[in-house]
Structure formats: C-alpha cells, structure tokens
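Work through the exercises below with the sequence and the model in view. Each task is followed by its solution.

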Number of protein chains: 2
Amino acid sequence: MKKAVIVLSGGLDSTTCMGIAAEQGYALYPLTFHYGQKHNREVEQAKKVAAHYQVSEHRIVDIAFLNQIGGSALTDSSIAVPSEQDDKEEIPATYVPARNMIFLSLASAYAEVIGAQAVFIGVSAVDYSGYPDCRPEFIQSMDETINLATKAGTTGERISIVAPLMHLTKKETIEEGLALGVPYELTTSCYNGEEEACGTCDSCLLRLKGFEEAGGRDPIAYASR
Amino acid sequence: MKKAVIVLSGGLDSTTCMGIAAEQGYALYPLTFHYGQKHNREVEQAKKVAAHYQVSEHRIVDIAFLNQIGGSALTDSSIAVPSEQDDKEEIPATYVPARNMIFLSLASAYAEVIGAQAVFIGVSAVDYSGYPDCRPEFIQSMDETINLATKAGTTGERISIVAPLMHLTKKETIEEGLALGVPYELTTSCYNGEEEACGTCDSCLLRLKGFEEAGGRDPIAYASR
C-alpha cells in the first residue's frame with residue numbers, strides 16, 4: 001500500500017488533506033508540529049483527527065526552537081494576534097518564519113525513512129494568507145530541493161509534495177471535505193487557542209465565510225456567535 | 001555590522017566556516033543541532049568553538065525527531081557506524097535523512113528573525129561523502145527555496161546560503177583554516193563520539209589524510225595512533 005505523510009495541524013485544511021489522501025488510497029502517516037504556537041489546542045485536535053482515521057502511527061514533533069526565536073504573533077507573546085489584517089499587501093504578523101519549509105523538511109526525512117511516496121500539505125494560494133511559504137512557486141521549489149536532498153532523489157524514487165488545496169477557495173475546500181466525510185467537528189482554526197474559537201481572528205473569519213458560501217454549517221462552537 | 005548564521009557542528013569543516021565568516025567581517029551567530037547523534041560530543045566542542053570566537057549568542061537546537069525516526073547509523077543504535085565505506089557508489093549508512101535541508105530550514109528562520117544576510121554551511125563536494133545533501137545542486141536549489149519561503153524573498157533582501165568549502169579538498173580546507181587561525185584543537189570529527197577520536201571511521205580517516213597532505217599536525221588525540 002502506498003504511503004503518504006500528512007502535515008496535520010488539526011485545522012480545517014490539513015484535515016481535509018487527510019480525507020483526500022485517504023480517498024486516493026494512501027496509508028496515512030500524519031505528522032503534527034508543536035512549536036509553542038498560541039493555538040496549541042490544534043495539537044489535541046490533530047490527535048482526534050488521527051484517531052478518527054485510525055492511523056497506525058501519529059508523530060508529534062517538537063520544534064521549540066521556533067518559539068524560542070520568536071518573530072511571529074503566533075509564537076511570540078510580545079506580539080499580539082491581529083483581529084483582522086489591516087493591510088492586505090503586507091505579510092501578516094501571524095507569519096512564522098520559514099515554517100512550511102521547516103515542516104516539509106522534517107516531513108521529507110520521515111517520508112524517506114518510512115518509504116512514503118508523497119507528503120501532503122494543506123496550503124492554498126487562493127484566499128491568499130499573505131504567507132510567502134503558501135505560494136505555488138515555493139511548493140514547486142521545495143519539491144525540487146527535497147528530491148536533491150534525499151536518497152529518493154538519487155535513486156529516482158521521488159517523494160512528491162502534494163498540495164491538493166492550492167487552487168481551491170475555502171468554500172471549495174469545505175465542499176470537497178464535506179463530500180469526503182471529513183470530521184470538521186474535530187478541527188479548530190482559531191489563532192487564539194481558547195476553549196472556544198474566537199470567531200474574530202483572520203483564520204476564524206475565513207473559515208466561517210467558507211462554510212457560509214459552501215452552504216454548510218460550521219459544526220464547531222464560537223465564543224462570539 | 002552584517003550578520004551570518006553558521007551551521008556549527010563542532011567539527012573541522014563548520015569550524016573553518018566560523019573562521020572564514022569572521023574574516024569576511026560578519027558578526028557570527030552559530031547554530032548547533034542536537035539530534036541524538038552518536039557523536040554528541042560535537043555539541044560540547046561547538047560550545048568551545050563559539051566561546052573562542054566570543055559570539056554574543058550561540059543557539060543549540062534540539063531535533064530529537066531525527067533520532068526518533070532513525071534510519072541512519074549516526075542516530076539509530078541498531079545500525080553500526082561502518083569503519084570504512086565499502087562501496088563508494090552507495091550512499092553511506094551514516095547518511096541522516098534530509099539533515100542539511102532541515103538544518104538550513106531552521107537556520108533560515110533564525111536568519112530571518114535576527115536579520116542575517118547569510119547562512120554558512122561547511123559542506124564539500126570534493127572528497128565527496130556520498131551524501132546527496134552535500135552536492136552543489138542541492139545547495140543551489142535550497143538557496144532558491146529559502147528565498148521563496150521567507151519574507152526576505154518577497155522584499156528582495158536575500159538570505160544567501162554560503163558553502164565556502166564546496167570546491168575545496170580537505171587539505172585545502174585545513175590550509176585555509178590554519179592560515180585563519182582556526183582552533184582545530186577544539187574540534188572533533190569522529191562519528192563514534194568517544195573521549196578520544198577513533199582514528200578509524202570514515203570521518204577520522206578523511207581528517208587525518210587532510211592534515212597529512214596539508215603538512216600540518218592534527219592537534220587532537222586519537223585512540224588508535
């Protein structure tokens with residue numbers, strides 16, 4: 001059976017990737033990163049999602065270093081999470097330096113060790129977050145680099161970076177996930193990581209808008225609604 | 001003052017990079033990775049090297065995950081470190097999956113946060129180790145990917161990956177280092193990580209040959225000599 005490593009945050013997008021990879025016949029190897037993010041609740045959600053899909057192995061990787069160096073509203077307690085992005089041209093304060101590159105590097109090492117053919121990541125260039133490491137040109141470049149860095153690249157057995165949501169709107173992602181029975185009730189998207197999602201941060205707003213447009217109801221509870 | 005992050009293992013090559021970057025006028029920000037390597041003694045040596053260069057900050061990054069997933073003679077206790085590479089065509093058992101990609105990803109995040117212009121890494125394609133992630137095509141691709149993944153890439157302020165030893169033989173590296181007063185007495189290269197270097201692993205043999213050809217004397221002690 002072919003194997004896929006899934007970068008699983010416990011959010012809506014990465015959980016949708018679990019559903020898509022399962023549908024494509026992959027054995028799922030979710031990998032969740034703990035990096036001192038304020039929305040650390042995600043890690044608990046990721047465990048529930050992994051259990052839902054009955055995976056044989058769910059690795060949680062500690063990258064405390066990202067928290068130690070700071071530089072992001074998501075990891076640095078001295079930087080506030082903005083309630084809404086003021087200037088859409090700027091990279092948001094919630095950008096975590098080189099995060100997806102770090103995640104994909106570690107995921108590729110894992111893929112190589114377990115003999116996986118693919119690494120799934122739930123980034124999207126539509127409803128653009130403003131994060132440089134969500135762009136297709138980054139994913140493409142990373143895919144090439146990974147195959148130069150690993151054994152796979154020298155033996156011809158490629159590890160492919162798969163970003164199935166890259167060209168989907170949030171609405172389309174949710175439609176796809178609902179059709180695949182993705183357990184959105186187990187996910188969280190809020191940057192603030194309180195018991196209930198805030199409903200006001202950028203990430204909550206984007207999620208709520210997506211459900212509204214998809215004509216579905218977001219199954220999770222919000223503090224502000 | 002311009003800043004450089006130096007991937008510092010405490011070995012001969014990365015310590016030479018410290019000397020080269022210092023000579024080029026960079027403020028040095030060494031970054032040392034602890035990943036359950038058998039030659040963990042390196043980390044202690046790296047601290048001594050950092051102290052020698054009187055750096056203001058020396059970060060030690062724990063990547064226990066690399067040890068947890070195994071797959072290398074350097075991190076997996078069930079795989080022996082070979083005394084000599086039998087088949088030079090094969091990737092050696094000491095290859096650690098995607099190691100340099102992981103190191104450079106984390107180093108780039110750090111570079112972005114502290115505003116460094118360069119990340120130095122002591123890889124070489126001469127006296128080729130057989131590691132895919134020591135090849136110039138990997139470094140080139142990684143450099144491009146990093147600049148797509150980070151803020152630097154969108155603002156035009158590049159972070160450059162600098163591999164000053166890429167085209168040097170071990171002899172030439174040592175000659176360069178000796179001319180720059182690099183403290184080789186503080187370094188270790190042995191894969192086995194005992195009190196004294198073994199003098200028989202691939203890494204020790206390459207180092208000893210380098211000193212011999214450079215006409216210098218290796219200042220460290222060897223168990224087998």
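UniProt positions are given in the numbering used here, feature names are shortened, and annotations may be inferred rather than shown by experiment. This is a predicted model, in which local features need pLDDT of at least 70, side-chain atom pairs count only at pLDDT 80 or more, and totals for chains, interfaces and linings use all residues. Residues are numbered from 1 along each chain as its sequence is written, and chains are lettered from A and ligands numbered from 1 in the order in which they are written.

**Exercise 1.** List the elements of chain A in order.

Solution. Helices (H or I, at least four residues) and strands (E, at least two) are DSSP runs, numbered from the N terminus. Chain A has 8 helices and 5 strands. Starting at the N terminus, their order is β-α-β-α-β-α-α-β-α-α-β-α-α.

**Exercise 2.** Which residues does UniProt list for "binding site"?

Solution. The unreviewed UniProt entry gives A:Cys190, A:Cys198, A:Cys201 and A:Cys204. A:Cys190 lies in the loop between helix H7 (170-179) and helix H8 (202-214), while A:Cys204 belongs to helix H8.

**Exercise 3.** Why does A:Cys204 count as buried?

Solution. A residue is buried if 20 or more other C-beta atoms lie within 10 Å of its own, exposed if 12 or fewer, and partly exposed in between, with C-beta atoms placed from the backbone. A:Cys204 is buried because 24 other C-beta atoms lie within 10 Å.

**Exercise 4.** Which residues does A:Cys204 touch, not counting residues up to four places away in sequence?

Solution. Two residues are in contact if their C-beta atoms, placed from the backbone, lie within 7 Å. With that exclusion, A:Cys204 touches A:Ser189, A:Cys190, A:Ala197, A:Cys198, A:Gly199 and A:Tyr222.
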